[in-house]
Number of protein chains: 2
Amino acid sequence: MGKGEQTRTAVLDRAVELASAVGLEGLSIGRLAGETRLSKSGLFAHFESKEDLQVRILERAAERFAAVVSKPALAARRGEPRVRELFERWMRWGLEVSKPGGCIFVAASVELDDRPGPARDRLAQLQGEWLDFVAGAVRIAKDEGHFRPEVDPQQFAFETYGIALMTHLAFRLLRDGDAVRRARLAFERLLESARAS
Amino acid sequence: MGKGEQTRTAVLDRAVELASAVGLEGLSIGRLAGETRLSKSGLFAHFESKEDLQVRILERAAERFAAVVSKPALAARRGEPRVRELFERWMRWGLEVSKPGGCIFVAASVELDDRPGPARDRLAQLQGEWLDFVAGAVRIAKDEGHFRPEVDPQQFAFETYGIALMTHLAFRLLRDGDAVRRARLAFERLLESARAS
DNA sequence: AGTAAAACCGAACGGTCGTGCTACTAGAAC
DNA sequence: GTTCTAGTAGCACGACCGTTCGGTTTTACT
């Protein structure tokens, strides 16, 4: 890894944290340059535009997410255990990792939801892939006989994401200490309704 | 209503729409002034700071929300019918009213979740009140014997809000045409698990 | 109709924004 | 040891930011 790529990665790592807190649009080149001890122009030389920077931030965040959530969860046993593991790791990602501003995907999703452009497109794709990934684990749980055959994996993923979003809001905005407990309760109810009796 | 208040209300109405799209921070005084055919300074005379403007935007949005969601739902019969009515109106608020940028409360919640200040405080309070309002309707449904006694109204409100958030994301970011159908499915499942058998 | 107050405007302030351009510097290749 | 190149800095640009101030217009009331 050459010097350039090394710097770029360091910049992006810091950018992911900053963007989680202030948003992809709220993140300014000057601010980011200051925090990484680069000049504005020195930093900017690594990216062809702010839009490009935003896309790369999302890309980098997705790498991290895969590294601490999706991939490790595959080590869990196929079926319900893996589904549970995904949920637990997902919770941890949203509530710990993002010490400052919460999950960057949540922030970006709301910010970009109708601001057309490459960043929006990439984000929508990433989110869709993640939903499919969760749905895939659910499908396996059906195949293993853990879940009932009539369970709709996409619906399961949809509802799980809903729990994650609400937990995010309750924990971060409302400072609700019960958020995680409520999330687990909701998820258990979801599992219960999917489980083969 | 004097001229001043009239103008202020018109400005705030436009500001609510704009802020839904670009966020409370992304909304600029100049832009808002242009869209309301006022000069920047003329507009600014109505608010003592941008922060004050943001709080008033939230206040105005809450008025509207109460007028089209909370209050009309009280016309529905106590118990499950009213809970359903709340959900349906809530869905409509999130998906229709906000033609441009979605629900302003969703946008603001993510934007302000860790940006301390009066706007954040007011928003958290409003969101808490809304959750309590939903929980209140659920409690009535228990009293009416529609829901089982062991149902936790706050938990019910928590999960319902989760569905609303996910619907917002699926509909706006992912452009998922099934979003509303999935939302109703999830809500029916929630009702089913709460209903007295 | 006259007047005091309220509403609004124009211009300007110091800053910061994203983005170019040019020049310097370090290390790799020959 | 010279040449080449990738990486970074300095500086400037036009645009827009939130905010202030002094003056002008419009409204409301007697």
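Predicted model: local features only at pLDDT ≥ 70, side-chain atom pairs only at ≥ 80, totals over all residues.

## Relation of the two chains

Residues are numbered from 1 along each chain as its sequence is written, and chains are lettered from A and ligands numbered from 1 in the order in which they are written.

## The interface between the chains

In chain B, 36 residues are in contact with 36 residues of chain A, contact being defined by C-beta atoms, placed from the backbone, that lie within 7 Å. The elements of chain B that give two or more residues to this side are helix H6 (104-112), H7, H8 and helix H9 (179-194); helices here are DSSP runs (H or I, at least four residues), numbered from the N terminus. H8(B) gives the most, with eleven residues.

By class, this side of chain B divides into 18 nonpolar, ten polar and eight charged residues. In this scheme Ala, Val, Leu, Ile, Met, Phe, Trp, Tyr, Cys and Pro count as nonpolar, Asp, Glu, Lys and Arg as charged, and the others, Gly among them, as polar.

## Packing of H7 and H8 in chain B

Helix H7 (residues 118-143) and helix H8 (residues 153-172) of chain B pack at an angle of about 120°, with their axes 8 Å apart; axes are lines fitted to C-alpha atoms, for helices over the stretch in contact, and angles run from 0 to 180 degrees between N-to-C directions. That angle makes H7(B) oblique to H8(B), since angles under 35 degrees count as roughly parallel, over 145 as roughly antiparallel, 65 to 115 as roughly perpendicular and the rest as oblique.

H7(B) contributes B:Leu131, B:Val134, B:Ala135, B:Val138 and B:Arg139 to the contact, and among the residues from H8(B) are B:Pro153, B:Phe156 and B:Tyr161. This contact has eight nonpolar, two polar and one charged residues.

## The surface near DNA strand C

Of the 19 residues around DNA strand C, those that come nearest are A:Ser28, A:Gly30, B:Gly4, B:Ser41 and B:Gly42, a residue being near a strand if its C-beta atom, placed from the backbone, lies within 6 Å of it. By class, this surface has four nonpolar, ten polar and five charged residues.

How values were computed:
Contact = placed C-beta atoms within 7 Å.
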